[in-house]
Amino acid sequence: MHTPSIMVVLGNRPQFIKHAAFQRAWDARQPDMQLRVVDTGQHYNYELAGIFLDELRIPAPDHSLAVGSASHAEQLARMLVPLEELMMRTRPTSVVVYGDTNSTLGGALAAAKLNIPVAHIEAGLRSYDMHMPEELNRVLVDHASSLLYCPTQLAVDNLTNEGIAGEHVSMVGDVMADIAMAIAPAADAQWERLRAHLDLPERGQFALCTIHRAGNTEPDALREVIACLEAAGIPVVMPIHPRTEAMAERAGLHVDLASIPNVRLIPPLGYVDLAACVRAASCVMTDSGGLQKEAYIHGTPCITLRDTTEWAETVTSGMNVLVGRDAQKTSDAVIAAMSSDMGDRIAQRRDVYGDGHAAGRIVDSLVEHARHASHFAL
Ligand code: UD1
């Protein structure tokens, strides 16, 4: 007899983290179904992929497609054929995808074309900036999905505005919040060891910065980002993403970046180490979506080097400010982040990203959906 299965398609850094929450909830419930995990291989460096499997104790994926880096079309094309072949062979009851990357779109497209229900975790987010590859991925994947798991009420509202509503849309909370809350004590426990190991500034004496978005790593944009880092006026610790490093080298800007007096470049960090830095920093400077939200959850003010965000609640709470690539706004935002007003905002922030049990709700719903589907298949 064919054992019902759920397929998860993932492939890059934030997805390994989201999957850790899913896997924990799955293991806690031990449903009578198979979980098959496919890694597209979009991220292949140990520090962007393998480290998260090891650190968050996620079992090795069942299938690895090794698509690697390429243009958007080529990266997507390389994953679609083997994904289709795998899905046709294993006929999962549903295919789970996370977030907004090319691996999300690849998994959703391959499944939807085979009429296999797509379950989108982190559905309904919108930055309303269609120039971002991630925004295009979000919109396309939501419109191809049969089960939409939204992290917030705003995400549900965004979908309603696009005509996507009904029982298949649910507000479950945020899976990244599940993991962030679960590892916070471990992150605090390892801060002093990490600080000594990397010779970092004292707690509350630095900004933590990550930059990797396509829109910020083009040469002209990167020059403006460098000016913002200089303008921060406090020590900046920057774990550097391989994309940013490669783009800086190609544009001849690596020396400029590495020689900013207040900036300390360090290799990319594992998940718990990064959380330790977020919790110890006086503010976060980033263009990452996930990090804006993690900063909010950990109670650290955020300065976002973008003009838009898909995590609007962080901005309306007053804990996140969008500065684009404006050096003056960055400098003002760092001063505001260190003010006593900010302390009040941090203390008063609400649990907009859920109670830490989003993944459990998703697994229960998927298992229920699979039971229903197999009942009708009998
Ligand atoms: C991707 C996602 C982004 C997510 C980010 C997390 C898309 C469109 N973007 O961006 O939403 O926030 O992952 O990190 O899917 N590279 C390496 N080693 C690797 C992976 C990438 O050196 O293991 C470098 C290569 O120079 C590559 C570049 O990064 O060309 C871009 O990689 P890609 O996966 O296309 O996008 P990210 O910028 O990582």
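Is the crossing in which α12 passes α13 left-handed or right-handed? I looked it up in what is a predicted model, and α12 passes α13 in a right-handed crossing.

**Entry 1: α12 and α13**

I took the geometry next. Helix α12 covers residues 271–280, and its axis and that of α13 are 10 Å apart, at a packing angle of about 60°. An angle between 35 and 65 degrees falls in the oblique class, so I noted α12 and α13 as oblique to each other.

Then I listed who meets whom. From α12 I have Tyr271, Leu274, Ala275, Val278 and Arg279, and they meet Leu291, Glu294, Ala295 and His298 of α13.

Is Thr300 buried or exposed? I get a relative accessible area of 2% for Thr300, and the cut-off for buried is under 20%, so Thr300 is buried.

What does the side chain of Thr300 reach? I find the backbone oxygen of Val278 at 2.8 Å from it. Val278 was already on my list as one of the α12 residues in the contact with α13.

With residues up to four places away in sequence left out, Thr300 touches Val278, Arg279, Ala281, Ser282, Cys283, Val284, Ala295 and Met319. I see Val278, Arg279 and Ala295 in that list, and these three also take part in the α12–α13 contact.

**Entry 2: Asn320**

I moved on to Asn320, which lies in strand β13 (residues 320–322). Its relative accessible area is 4%, so I put Asn320 down as buried.

Which side chains make polar contacts with the side chain of Asn320? I found Thr304 at 2.7 Å and Thr314 at 3.0 Å. Setting aside sequence neighbours within four places, I count as contacts of Asn320 the residues Gln292, Cys302, Ile303, Thr304, Thr314 and Val315.

**Entry 3: α3 and α4**

Back to helix pairs. Helix α3 (residues 72–90) and helix α4 (residues 102–113) cross at roughly 40°, and their axes come within 9 Å. I call α3 and α4 oblique to each other because of that angle. The crossing of α3 and α4 is right-handed.

On the α3 side I wrote down His72, Gln75, Leu76, Met79, Leu80, Leu83, Glu84 and Met87; they meet Asn102, Ser103, Leu105, Gly106, Gly107, Leu109, Ala110 and Ala111 in α4. The residues of this α3–α4 contact split into 9 nonpolar, 6 polar and 1 charged.

**Entry 4: α1 and α7**

How do the axes of helix α1 and helix α7 cross? I get roughly 80° for α1 (residues 13–29) and α7 (residues 175–198), with the axes coming within 8 Å. So α1 is roughly perpendicular to α7.

I read off Pro14, Ile17, Lys18, Ala20, Ala21 and Arg24 in α1, meeting Val175, Met176, Asp178, Ile179 and Ala182 in α7. The residues of the α1–α7 contact come to 8 nonpolar, no polar and 3 charged.

**Entry 5: two positive phi values**

I followed α1 into the loop between it and β2 (34–39), where Gln30 is found. Gln30 is not a glycine, yet I get a positive phi of about 45° for it. With a relative accessible area of 65%, Gln30 is exposed.

I located Tyr128 in the loop between β5 (118–121) and α5 (133–144). At 54% relative accessibility, Tyr128 counts as exposed, since the cut-off for exposed is over 50%.

**Entry 6: Ile164**

Last stop. Where does Ile164 lie? I found Ile164 in the loop between α6 (153–161) and β7 (169–171). Its relative accessible area is 10%, so Ile164 is buried.

Leaving out neighbours within four places in sequence, I have Ile164 in contact with Asp142, His143, Leu148, Leu159 and Val169. I also checked Ile164 against Asn262: they are 98 residues apart in sequence, and C-alpha to C-alpha they are 47 Å apart in space.

Notes
Residues numbered from 1 in each chain as written. Predicted model: local features only at pLDDT ≥ 70, side-chain atom pairs only at ≥ 80, totals over all residues. Heavy atoms only, no water. Buried < 20%, exposed > 50% of the residue type's maximum accessible area, 1.4 Å probe, protein only. Polar contact = N/O pair within 3.5 Å; in protein donor to acceptor, adjacent residues only side chain to side chain. Contact = heavy atoms within 4.5 Å. Axes fitted to C-alpha atoms, helices over the stretch in contact; angles between N-to-C directions. Helix = DSSP H or I, 4+ residues; strand = E, 2+ residues; numbered from the N terminus. Parallel < 35°, antiparallel > 145°, perpendicular 65-115°, else oblique. Left-handed = near helix turned anticlockwise from the far one by under 90°. Nonpolar A, V, L, I, M, F, W, Y, C, P; charged D, E, K, R; others polar.
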